[in-house]
Amino acid sequence: MTDTLIVLTNLPDAAAADALATSLVEARLVACVNVLASCRSVYRWQGAVERAEEIPLLMKTTAERYPALEAAIRAEHPYELPEIVAVPVMRGLPAYLDWVAAETALAPTEGAPPPSAQ
């Protein structure tokens, strides 16, 4: 097993999907986001069967970045209860998995306390 995760969520429209995808890549919380074609979701919500057109996102990240990624999705997602599901990657092309790790790595100063706090 690797440290890489594929994280899934759905957005209500292409504009929201693109905005979230861009924000997450720019923040280095994910290495890549696949914004997929619209799909129809059928689900039970508050006692009623609902149907919605949604845009699925497949995001590639690492287990280390997952907590920050989840927090960012929750903060930016328009749904009251967004789907956020992480699936571990069992195997993959080593060079690709290394790329995911490199693109989501914290910069040397990111996440570190300021020098005065050490």
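# A walk through a predicted chain

Asn10, Ser41, Tyr43, Trp45, Glu54, Tyr79, Glu80, Leu81, Pro82 and Glu83 line the largest pocket. The model is a predicted one, in which local features need pLDDT of at least 70, side-chain atom pairs count only at pLDDT 80 or more, and totals for chains, interfaces and linings use all residues. Residues are numbered from 1 along each chain as its sequence is written, and side-chain values use heavy atoms, with hydrogens and water left out.

Let us stay with the pocket for a moment. On a 1 Å grid over the protein atoms alone, a pocket is an open set of points with protein on both sides within 12 Å along at least five of seven lines, and lining residues have an atom within 4 Å of a point. The largest pocket holds about 260 Å³ of space, where a volume is the space filled by probe spheres set on the points, and grid points are joined across faces, edges and corners. Strand E3 (residues 39-45) gives the largest share of its lining, three residues. Sorted by class, the lining has five nonpolar, two polar and three charged residues. Here Ala, Val, Leu, Ile, Met, Phe, Trp, Tyr, Cys and Pro count as nonpolar, Asp, Glu, Lys and Arg as charged, and the others, Gly among them, as polar.

Now step back to the whole chain. It has three helices and five strands, and from the N terminus on the elements run β-α-β-β-β-α-β-α. Helices (H or I, at least four residues) and strands (E, at least two) are DSSP runs, numbered from the N terminus. Of the 118 residues, 31% count as buried. Buried means under 20% relative accessible area, exposed means over 50%, and partly exposed is in between, with a 1.4 Å probe and protein chains only.

How many salt bridges does a search of the whole structure find? The search finds one, and it joins the side chains of Glu53 and Arg40 at 3.1 Å, N to O. Glu53 lies in strand E4 (residues 48-62) and Arg40 in strand E3, so the pair ties together parts that are 13 residues apart in sequence. A salt bridge is a side-chain nitrogen of Lys or Arg within 4 Å of a carboxyl oxygen of Asp or Glu. Glu53 is partly exposed, with a relative accessible area of 42%, while Arg40 is exposed at 54%.

Gln46 sits in the loop between E3 and E4 and has a positive phi of about 50 degrees, although it is not a glycine. With 64% relative accessibility, Gln46 counts as exposed. Arg28, in the loop between helix H1 (14-26) and strand E2 (32-35), also is not a glycine and has a positive phi of about 60 degrees. Arg28 is partly exposed, at a relative accessible area of 31%.

Val87 belongs to strand E5 (residues 85-88) and is partly exposed at 37% relative accessibility.

Arg91 is in the loop between E5 and H3. Which distance separates Arg91 and Thr2, C-alpha to C-alpha? They are 6.5 Å apart in space, although 89 residues apart in sequence, and Arg91 is exposed at 75%. Asp98, found in helix H3, is exposed at 55% relative accessibility. In the segment after helix H3 (94-104) comes Ala105, which is partly exposed at 31%. Ala105 and Ala31 are 74 residues apart along the chain, and their C-alpha atoms are separated by 9.4 Å.

Conventions
On a 1 Å grid over the protein atoms alone, a cavity is a set of points where a 1.4 Å probe fits but cannot get out, and a pocket is an open set with protein on both sides within 12 Å along at least five of seven lines; lining residues have an atom within 4 Å of a point.
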